[in-house]
Amino acid sequence: MFSFIWFLLIGLAAGWLAGRILRGRGFGLIANLVIGVVGSFLGGVVFGLLGFRSYGLIAELIVAVVGAILLIFIAGLIKKR
């Protein structure tokens, strides 16, 4: 249960950071937070497939931010269509 709460908190932080990094390309605060939670999962999957493991809070946050940026980018491509 505690790890799930950490997952959500890291995902929320990742969504906020991704929105800041991709100024103007995000979907608003609430959507970016939701995308951050989903993106943190996506980042873990992508980094896992590449053979990388994250140990520690900073590494998990980096993986989550990369996943959120990737998801915002993909969602932006779909939104343009």
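**View 1. Helix 1 and helix 2 both contribute to a nonpolar patch.** In this predicted model, helix 1 (2–21) and helix 2 (29–49) each supply at least two residues of the nonpolar patch. The patch lies on the surface and is formed by Phe-4, Phe-7, Leu-8, Phe-41, Val-45 and Leu-49. Together these residues have about 590 Å² of accessible area.

**View 2. Leu-49 is a patch residue found in helix 2.** The relative accessible area of Leu-49 is 73%. Leu-49 therefore counts as exposed, the cut-off being over 50%.

**View 3. Residues 6–22, 29–52 and 58–78 carry the UniProt annotation "transmembrane region".** The annotation comes from an unreviewed entry. In the model, residues 6–22 are 94% helix and 0% strand, and their end C-alpha atoms lie 24 Å apart. Residues 58–78 are 100% helix and 0% strand, with 30 Å between the end C-alpha atoms.

View 4. Along the sequence the pattern reads α-α-α. The C-alpha trace spans about 35 × 25 × 20 Å along its principal axes. The radius of gyration is 12 Å, which agrees with the value near 12 Å for a compact globule of 81 residues. Of the contacts with a separation of 6 or more, 75% are between residues 24 or more positions apart.

**View 5. Surface and interior of the protein.** Buried residues make up 26% of the 81 residues.

Methods:
Residues numbered from 1 in each chain as written. Predicted model: local features only at pLDDT ≥ 70, side-chain atom pairs only at ≥ 80, totals over all residues. Heavy atoms only, no water. Patch = residues over 30% accessible without salt bridge, like charges linked within 9 Å, V, L, I, M, F, W, Y side chains within 5 Å. Areas by Shrake-Rupley, 256 points an atom, 1.4 Å probe, with all protein chains shown as cover. Salt bridge = Lys/Arg side-chain N within 4 Å of Asp/Glu carboxyl O. Helix = DSSP H or I, 4+ residues; strand = E, 2+ residues; numbered from the N terminus. Buried < 20%, exposed > 50% of the residue type's maximum accessible area, 1.4 Å probe, protein only. UniProt positions renumbered as here; feature names shortened; annotations may be inferred. Rg over C-alpha atoms; globule rule 2.2 N^0.38 Å. Contact = heavy atoms within 4.5 Å.
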